[in-house]
Amino acid sequence: MTGAPRRSGGVSPALVRTLSDLSRELELLRGRAARGSGKAKVSLAELAAQVGVPKSTMHTYVTGSTLAPADVLDRVVIALGATPAEQSLWGEAWFRVAESVHEARRQHRPPPVDRPVPRQLPAAPGRLFTGRSRELAELDAAVAGPGSPPVVALGGAGGAGKTWLALHWAHHNLDRFPDGQLYVDLRGFDPGGTPVSPEVALRGFLDALGVRAPSFPTDPAAQVGLYRSLVADLRVLVVLDNARDLAQVEPLVPGGASATVLVTSRHKLPGLVTTHGARSLRVDVLGPAASRDLLGRHLGAERVAAEPEAVDAVVRTCAGLPLALGLVAARASTEPDLPLRELAQELGRSASSPLDALELDDTGLRSTFSWSYRDLPADAARALRLLGACHCPDLAAAAVAALTGGDPVGAGRALAVLGRVHLARRSPDGRFHTHDLVRAYAADLAAAHDGPAAVDAAVERLVEHLLGRVASAMDVVAPYERLHRPAGGGAPPGFGYAEALAWLDAERHNLVALAARGTPEQTGRLSTSLHRYFVVGAHFADALAVHGHALDRAHTGEARSNALRHLGAVHRWLGDYDRALAHNEDAAALAGQLGDRRLEHAALNNIGIIHERTGRHAEALAHYERVLRYAEETDDRFARGTVHHNLGSLYQRMADYPHALEHYREALAVAGSADDHNLRGFTHNDLGRLHVRLGQQARAREHLEQALALAVEHNDRSLQTEVLNALGELHHALGDVPRAGAPPGRAGAGRGRRAGRRDRARRAGHPALRGPRDVTGAPATPAALSGRACWTP
């Protein structure tokens, strides 16, 4: 078939599409791995011992009777000598086979049940929406016509009402999209220069579609594939708001024809038309009649009709831009007795002094902003300027109080004023949003009025406030590593696991944007404090950005060593073992020069993990034993528990089960004395797996039940995934194949039984893989998502 991969000789995982293909290529790989040994291929017994599964189970995997879990296939190809580049190809092959298996069984599946239906659209414009009959008709025709392209690009100037048009049409056509609506503000023209990356946007979409961190693939191409698989046959609406260019949009466009995509942008996107056959629709400014109607909807028809000349003057100055008209109407509504002619005169005077330094799309916006700003009270004006200068698109009132250096009550009053004049908008969750054009205008004012020193001080106050809340949230999400993180101010009442994680999710884009704005010391603290959250949520792109800033801005050797280790951890999760090894070797060398044994051995432990993952068991053992000597000399309980667990994992991989049991038991003893539920849970889990392989099912069940109880008690989702995977192995060993075959991703999602396409997608996502524990305690694999303390001072 044209375009199909062709065998160029040797093992070719790119050719794998089905279980039989997989079996064929694994046989070739077994033969290649045995070269020079005098054997035709690596034996099943040897391979099963290296991977850590029963021989009978390995037989079902390599013969194509059963598709191995993604983590097991990963271990198989590593044991057979696959290079890191080949490992990536085998991972892609697993996705294709999983798709093939699903399609073969689809006719025998029950209809989908209990699937999440995303409802991400912001509120509709409501009664303030006016005009746009031509655009609405074109949208209807573009979407409803036979053979219609699934993508429509709405283009126009900033403030022209593209988002309102998209949302108005979407809310009036919800019946077309029974499978849900996805929405993301891509912030393509954010004055801070930090548009939302496709990876971050995909992370939000996949979460809304029911994919949880333990099932989240690390490779960007796999993320796109998983997303497109999820929505391939679904009637969903995808709104990509405020896009900058094709590169930002293209990965978010579904591959099938059942989904409809609306894209809004100030730029023309010809590549979208060429690549996806998009329909381009121009959104112009409002005409005079529609502009007057919009003012009437704000102020009342009688007031507008009473002063037609003044209204015409306002319309001319605002140039038909809904954003500008809304600002004027907001001011007029707060002073119902003020004649509109006076407002028109004031607005006209503002139009004669535009801000030349501000590259806004239209003079109407410049003059309207200036006019609205001039009448603000001093505290509200300062709050607006600093909101622009900090480049955060939305903040809570407490954060604004920190930014301005005031108290929450005063910040609330200032924000209320900004809300009344439409310079800020309060969302239902209590956060205050500002339009990017307003922020650009306000940032220009801050530079001219406040100066760099005052702006820097305000940003540092904001970062310090957020750092305190991050630490408090992480004390709830990962309490066992409290001593190894910068201290927080204490969690507020009712701040449970779900609330802490929701707060981190809401602030993540601000925290990433601010990572390079505070002091270098603050950047380092952000990197260390957020490390675990990035792991739990699989926010790898954000992790690379924050840890990269921490490395670039490191002000001490200790800060540099920490940043190198954190970056090394992310690269290891992404499967880039060479870069991960280089970062950790640099971190260890630097810590050694500083005489910081704790940091040095944290990096050495990570190096041991990388050696174990790449099959260099002797090197891994040497590094782990060196770390163990350090832990015993210094009575570092955290290091001792972690490295005993890692030694257990290594010996289990080497099929030295007595030594594995010994080290796991030592790890359990340390975990009990330190009240480290995370280490206890994962060690019980791994002991359960080990007893399964030893044929001791009763003891295996005891350990796994203890691990599951700890996971449920502490809401540790990644541990729950691990335990349910292990229980699957136990059921398989007991001959209970139906129970053994439950998709591992269901455990991570924690949403009960799922069927149909979303089950298939979760099976196609990598579950948290087994292996040694890094200094953070995460399984040391590309998709490691479990919780453990950062081994830092």
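The crossing of helices α30 and α32 is left-handed. In this predicted model, the axes of α30 (residues 637–653) and α32 (residues 677–693) come within 11 Å of each other and cross at roughly 20 degrees. That angle makes α30 roughly parallel to α32, because angles under 35 degrees are placed in that category. On the side of α30, the contact involves G641, T642, H645 and Q652, which meet L679, F682, T683, D686, R689, L690 and R693 of α32. When these residues are sorted by class, three are nonpolar, five are polar and three are charged.

The protein as a whole comprises 793 residues, of which 58% are buried. Its secondary structure consists of 37 helices and eight strands. Where contacts link residues at least 6 apart in sequence, 69% of them join residues at least 24 apart.

Helix α24 spans residues 520–537, and its axis lies 10 Å from that of α22, with a packing angle of about 25 degrees. The helices α22 and α24 are therefore roughly parallel to each other, and α22 passes α24 in a left-handed crossing. The residues contributed by α22 are E460, V463, E464, L467, V470 and M474; their partners in α24 are Q522, R525, L526, S529, L530, R532 and Y533. The contact between α22 and α24 contains seven nonpolar, two polar and four charged residues.

The largest nonpolar core has 69 residues, and the members that touch the most other members are L376, L418, L462 and L504. Helix α22, which covers residues 452–477, gives the most to this core, with 11 residues. The surroundings of L376 can be described individually. With residues up to four places away in sequence left out of the count, L376 touches A381, L384, V417, L418, V421 and L423. One of these partners, L418, is itself among the core residues that touch the most other members.

The axes of α2 (residues 44–51) and α4 (residues 70–79) come within 9 Å and cross at roughly 120 degrees. Helices α2 and α4 are therefore oblique to each other. The crossing in which α2 passes α4 is right-handed. Its contact is made by L47, Q50 and V51 from α2 together with V72, R75, V76 and A79 from α4. Five residues of this contact are nonpolar, one is polar and one is charged.

Nine of the 10 residues of α4 are buried, so the helix is largely enclosed by the rest of the structure. The buried residues are A70, D71, V72, L73, D74, R75, V76, V77 and I78. Among them, V72, R75 and V76 also belong to the contact with α2. Following α4 is G81, which has a positive phi near 85 degrees.

Although S43 and G31 are 12 residues apart along the chain, a distance of 9.6 Å separates their C-alpha atoms.

Backbone geometry was also considered at two loop positions. Most residues other than glycine have a negative phi. In R132, by contrast, phi is positive, near 65 degrees, and this residue is not a glycine. The loop that holds R132 runs between α5 (84–105) and α6 (133–144). R132 has a relative accessible area of 8% and is therefore buried, because the cut-off for burial is under 20%. A positive phi near 65 degrees is also found at H391, likewise a residue other than glycine. H391 is located in the loop that lies between α18 (378–390) and β6 (394–396).

Definitions and conventions:
Residues numbered from 1 in each chain as written. Predicted model: local features only at pLDDT ≥ 70, side-chain atom pairs only at ≥ 80, totals over all residues. Heavy atoms only, no water. Axes fitted to C-alpha atoms, helices over the stretch in contact; angles between N-to-C directions. Helix = DSSP H or I, 4+ residues; strand = E, 2+ residues; numbered from the N terminus. Parallel < 35°, antiparallel > 145°, perpendicular 65-115°, else oblique. Left-handed = near helix turned anticlockwise from the far one by under 90°. Contact = heavy atoms within 4.5 Å. Nonpolar A, V, L, I, M, F, W, Y, C, P; charged D, E, K, R; others polar. Core = buried A, V, L, I, M, F, W, Y, C linked by side-chain atoms within 4.5 Å. Buried < 20%, exposed > 50% of the residue type's maximum accessible area, 1.4 Å probe, protein only.
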